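Here is a quick tour of a single-chain model, written for someone who likes to know the cut-offs behind each term. Have the viewer open as you read.

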Amino acid sequence: MQQPAGERDRRIRLERATTIRDPESGERVPSWQLLAERWASWRSASTRETLAAAEVSATVTDVFEVLWSEQLADLNPKDRLIFSGRIYDIAGAIEVGRREGIRITASARSDSA
């Protein structure tokens with residue numbers, strides 16, 4: 001069952017790790033590339049989801065849900081999510097229904113916002 005559009009009321013940014021060439025040194029340096037900006041639903045993770053994400057006391061674990069897209073089908077823990085000024089590490093991304101949505105469980109330091 002698809003989530004009502006009105007519940008996707010939070011704007012998130014999804015980024016993928018990459019490397020770029022430093023123009024001065026010519027060295028390859030780590031960087032983040034925009035993968036997508038999407039409307040998402042947001043909620044705090046349940047206790048079960050928090051334990052599954054191996055949360056430690058200094059982190060906050062949240063769950064986001066976006067519409068499924070080919071662009072995000074390979075979203076994984078090497079990627080990151082940015083929401084409300086906080087950078088989240090993605091713990092997992094699973095398909096909801098038959099290509100209806102993607103549920104993203106992500107954790108961030110509780111003092112990072």
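What follows goes from the overall layout to the core, the rings and a few individual residues.

First, the ground rules. This is a predicted model, where local features need pLDDT of at least 70 and side-chain atom pairs count only at pLDDT 80 or more, while totals for chains, interfaces and linings use all residues. Residues are numbered from 1 along each chain as its sequence is written, and side-chain values use heavy atoms, with hydrogens and water left out.

**Layout**

The chain has 1 helix and 6 strands. Helices (H or I, at least four residues) and strands (E, at least two) are DSSP runs, numbered from the N terminus. Read from the N terminus, the order is β-β-α-β-β-β-β.

Of the 113 residues in the chain, 34% are buried. Here buried means under 20% relative accessible area, exposed means over 50%, and partly exposed is in between (1.4 Å probe, protein chains only). The chain exposes about 7200 Å², with carbon and sulfur atoms supplying 50% of that; the areas come from the Shrake-Rupley method with a 1.4 Å probe, and for residues only the protein chains shown count as cover. As for contacts (heavy atoms within 4.5 Å), take those between residues at least 6 apart in sequence: 59% of them join residues at least 24 apart.

**Strand pairing**

Two strands pair if DSSP finds at least two bridges between them. Strand 1 (residues 10–21) runs antiparallel to strand 2 (residues 28–44), with 12 bridges, and Leu-14 sits opposite Ala-36 in strand 2. These two strands make a hairpin with 6 residues between them, and Gly-26 in the turn has a positive phi of about 80°. Strand 2 also pairs with strand 3 (residues 59–67), again antiparallel, over 4 bridges. There, Ser-44 faces Asp-62 in strand 3.

**The core**

Which residues have the most contacts inside the largest nonpolar core? They are Ile-12, Leu-14, Phe-64, Leu-81 and Ile-104, in a core of 18 residues. Strand 1, strand 2, strand 3, strand 4 (79–83), strand 5 (86–96) and strand 6 (101–109) each give two or more residues to this core. The largest share, 4 residues, comes from strand 6. A nonpolar core, for the record, is a set of buried Ala, Val, Leu, Ile, Met, Phe, Trp, Tyr and Cys residues joined through side-chain atoms within 4.5 Å.

Leaving aside neighbours within four places in sequence, Ile-104 is in contact with a list of residues including Leu-14, Phe-64, Leu-81 and Ile-90.

**Rings**

There are 3 aromatic pairs in the structure. Rings of Phe, Tyr and Trp (its six-membered ring) pair if their centres lie within 6.5 Å; planes under 30 degrees apart count as stacked, over 60 as edge-to-face and the rest as tilted. Phe-64 and Phe-83 are edge-to-face because their ring centres are 5.3 Å apart and their planes are at 75°. Phe-64 belongs to strand 3 and Phe-83 to strand 4, so this pair ties together parts that are 19 residues apart in sequence. Both Phe-64 and Phe-83 are buried. Ring pairs link Trp-42, Phe-64, Phe-83 and Tyr-88 into a cluster.

Glu-15, in strand 1, counts as buried at 5% relative accessibility. Glu-65, in strand 3, is buried too, with a relative accessible area of 13%. Their side chains make the polar contacts tabulated here.

| Residue | Partner | Polar contact |
|---|---|---|
| Glu-15 | Arg-13 | 2.5 Å |
| Glu-15 | Arg-80 | 2.6 Å |
| Glu-65 | Arg-103 | 3.3 Å |

A polar contact is a pair of N or O atoms within 3.5 Å; within protein, one must be able to donate a hydrogen and the other to accept it, and residues adjacent in sequence count only if both atoms are side-chain atoms. Not counting residues up to four places away in sequence, Glu-15 also touches Trp-32 and Ile-82, among others. Glu-65 and Arg-10 are 55 residues apart in sequence and 9.8 Å apart in space, C-alpha to C-alpha.

**Positive phi in the loops**

Most residues other than glycine have a negative phi. Ser-84, in the loop between strand 4 and strand 5, has a positive phi of about 55° and is exposed at 60% relative accessibility. Arg-99, in the loop between strand 5 and strand 6, has a positive phi of about 60° and counts as exposed at 52% relative accessibility.
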